[in-house]
Amino acid sequence: GRDQDDVVVPTSGGRYDVRLRTRQRVAVYWEEEVSEVRRCTWFYKGDKDNKFIPYSESFSEELEEAYMIAVTLDEWKKKLESPNREVIILHNPKLMVHYHPVASSDDWVSTPTEQGRPRTVKRGVENIAVEIPSGEPLQIDHLVFVVHGIGPACDIRFRSIVQCVNDFRNVSLSMLQAHFKKAQEQQQVGRVEFLPVNWHSSLHSTGVDVDLERITLPSINRLRHFINDTILDVFFYNSSTYCQTIVDTVASEMNRLHQLFLQRNPQFKGGVSIAGHSLGSLILFDLLTNQKADPEEDEHRAQGSRTTSSTGGIEEVKEILKKLELSEYCDVFEKEKMDRQALFLCTETNLKEMGIPLGPRMKILHYLSSKTEMKVCFLHGLCSSHHIPSHSIPLTQGPLCAAAGNLNIPLSQVSANYPQLNYKPTIFFAFGSPIGMFLTVRGVKRIDPNYSLPTCKGFFNIFHPFDPVAYRIEPMIVPDLEFEPMLLPHHKGRKRMHLELKEGLTRMSVDLKNNLLGSLRVAWQSFTRAPVPALEAGSTEAEAEAEAGTEKQPDTKPEETPAAVKEETPLINVGRLNGGNRIDYVLQEKPIESFNEYLFALQGHLCYWESEDTVLLVLKEIYQTQGITLDQPLPGSQ
């Protein structure tokens, strides 16, 4: 009775609540229209329908009442009229039909048999050929927040971030069944929950759309509206006003979702990761670079370097002061325990409080600003845990400088006060990300190999080879070495056929070229070699073979080495941004995509939501942090 009136049943993995009294299905984590829930007892199905559709509960009750009277009295040929003036005739218990509504409402209507092909009516759910899903695993091992890019639509079908993340989640469930079957049987693995984070609606609810509409030209209206709704998001993010709105929305929404998720899942003990697509990955990167690590963690990370570099940092400050002819202030800086990092975080106010006169203050600030413009990396937190040589002095990034020390923003970076997250992300996944391009435009030429995100230990940059928005990260860390990104293995355990064929042909041409050059070299040497005594012939032949072998060896590493061969080269040190592991991962293009790169460029930027290879990498890296591996390691995977 009354107790059941307020019963709420969580469905779809806890992402929706069904309120039984009002028969409503309500989204828990995001805004969505309330959908109707029906208690199904009577159904109908047309010729072209592939499933039975339930009648409304009120009309089902009328049908049930008429059916029970017909069964009790054994009086059939009952005719009922639905609220939409559709006619249902109960011929017998096994034959009940539903006719379409009549064309007119007068009395001169045609008979039901003349109203077109009727629909089949069915009572109960027995013998309905429909697969009722068994539901998702109750155990949630990890939580991932997914942030969208520009515009309200996230894929080629103009679907929302909620729909795209639903696809990503469904693919992850199938990948878990295919590649983590043993762990599932041992109940080590449940599932990973993916929740969408929407910032576009909050940005465009600020009234900026009305302002834009006022100044937008009337011509090519649809194109201009599309640009205002999508492309301009990039410019909004580069505006200090709207950048603050975006980062506040993303951070507060992720914190809200995290808190709500923990309230609804009190048994959850897993970690949290974050993923961003396109501009969303840049927003997350800026947020992560401006997070503050716990003091205990800073102490732990810095304890080794502090004993060796704290005194060295003070000595470096003394060298700088000596260079500026300000050696008389060395004692002041030493008294304040001012090392190199602290010096580069100093503002004019700080120097004034230390009692430094105006002239020396100006010299020091000018030196700091000139070094800032020259240096190659402005990423937060590096100096606090590592001793950096004078030729590569990373400073805090512009937005954090503005928030923490009121410094001038270097290299035209956007000034914003970046909020703090309530948790430490385990891994950051970037899909089709322009992070590398934005860092370069901001003046960052090189990321120091010792740099790592303050609160996040993992970073994966995943992209399609034809994605026009994606850029690499690793060349910014190792600029002097050319190497290919890691090729993501196919989820079925092998390379795509056309890539294997292409690689085989490339390797064949390389081998033919090497053999031809080797034969020509040996022939030339036989013509030009001076004659030798017959007694030394045996040794000479052996030496010739050895020389030919040694001279052929360098040619086995041609410049035109295919990507797959380059993956097997010795491990490349790409710094600590991903804990010493590779960062850039490239998907394998499909055979049809290889015909024309330009034709599939847009699709390449929007393909990640349904990409099994992308999802499998995400799952592999997440579960690897828990000591759980794939059933069968994929060839070429790290």
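## Notes on a predicted model

Reader: Where is F158 found?
Author: F158 sits in the loop between β11 and α3. Keep in mind that this is a predicted model.

Reader: What about the phi of F158?
Author: The phi of F158 is positive, at about 60°, although the residue is not a glycine.

Reader: Is F158 buried or exposed?
Author: F158 is exposed, with a relative accessible area of 64%.

Reader: And S278, what is its phi?
Author: Positive as well: S278 has a phi of about 60° and is not a glycine. S278 belongs to the loop between β13 and α10.

Reader: Is S278 buried or exposed?
Author: S278 counts as buried, since its relative accessibility is 6%, and the cut-off for buried is under 20%.

Reader: You mentioned α10. Which helix does D286 lie in?
Author: D286 lies in α10 itself, a helix that covers residues 279-289. D286 is buried, with a relative accessible area of 0%.

Reader: Which side chain does D286 make a polar contact with?
Author: The side chain of R442. The polar contact between the side chains of D286 and R442 is 2.8 Å.

Reader: Sheets next. What is the order in the sheet with 7 strands?
Author: The order is β12-β11-β13-β14-β15-β17-β16, in an open sheet with parallel pairing.

Reader: Which strands stand at the edges?
Author: β12 (191-197) and β16 (486-487). Each has a single partner strand, so one side of each has no neighbour in the sheet.

Reader: How many bridges between β11 and β12?
Author: β11, residues 140-147, pairs with β12 over 7 bridges in the parallel sense. Within that pairing, V146 has P196 of β12 as its bridge partner.

Reader: What does α3 touch on the sheet?
Author: Helix α3 (residues 161-179) packs on the sheet and touches β11, β12 and β14 (427-431). The direction of α3 makes about 170° with that of β12.

Reader: And α9, which strands does that helix touch?
Author: Helix α9, residues 240-264, also packs on the sheet, and its contacts are with β11, β12 and β13 (271-277). The angle between the directions of α9 and β11 is about 160°.

Reader: How many cavities of 30 Å³ or more does a search of the whole structure find?
Author: The search finds 3. The second largest cavity holds about 40 Å³ of space.

Reader: Which residues line the second largest cavity?
Author: The lining is V144, V146, V165, F168, F194, A275, F431 and W609. β11 and α3 each supply at least two residues of that lining. V146 in that list is the residue paired with P196 in β12.

Reader: Back to strands. What is the order in the sheet with 4 strands?
Author: β1-β2-β3-β4, an open sheet with antiparallel pairing. β1 (8-11) and β4 (35-36) stand at the edges with a single partner strand each, so one side of each is left without a neighbour in the sheet.

Reader: How many bridges between β3 and β4?
Author: β3, residues 24-27, pairs with β4 over 2 bridges. R25 stands opposite S35 in β4.

Reader: What does V8 touch, not counting residues up to four places away in sequence?
Author: V8 touches D17, V18 and R19. The C-alpha atoms of V8 and L20 are separated by 6.3 Å, with the two residues 12 apart along the chain.

Reader: Last topic, β7 and β8. How many residues are between them in the hairpin?
Author: There are 5 residues between β7 and β8, and R85 in the turn has a positive phi of about 60°. β7 (residues 78-81) and β8 (residues 87-92) run antiparallel and are joined by 4 bridges. K78 stands opposite L90 in β8.

Reader: And how many residues between β8 and β9?
Author: That hairpin has 2 residues between its strands. β8 is joined to β9, residues 95-99, by 5 bridges, and the two run antiparallel. V87 faces Y99 of β9 as its opposite residue.

Technical notes: Residues numbered from 1 in each chain as written. Predicted model: local features only at pLDDT ≥ 70, side-chain atom pairs only at ≥ 80, totals over all residues. Heavy atoms only, no water. Pairing = 2+ DSSP bridges. Contact = heavy atoms within 4.5 Å. Axes fitted to C-alpha atoms, helices over the stretch in contact; angles between N-to-C directions. Buried < 20%, exposed > 50% of the residue type's maximum accessible area, 1.4 Å probe, protein only. Polar contact = N/O pair within 3.5 Å; in protein donor to acceptor, adjacent residues only side chain to side chain. 1 Å grid on protein atoms, 1.4 Å probe; cavity = no way out; pocket = protein on both sides within 12 Å on 5 of 7 lines; lining within 4 Å. Points joined across faces, edges and corners; volume = space filled by probe spheres on them.
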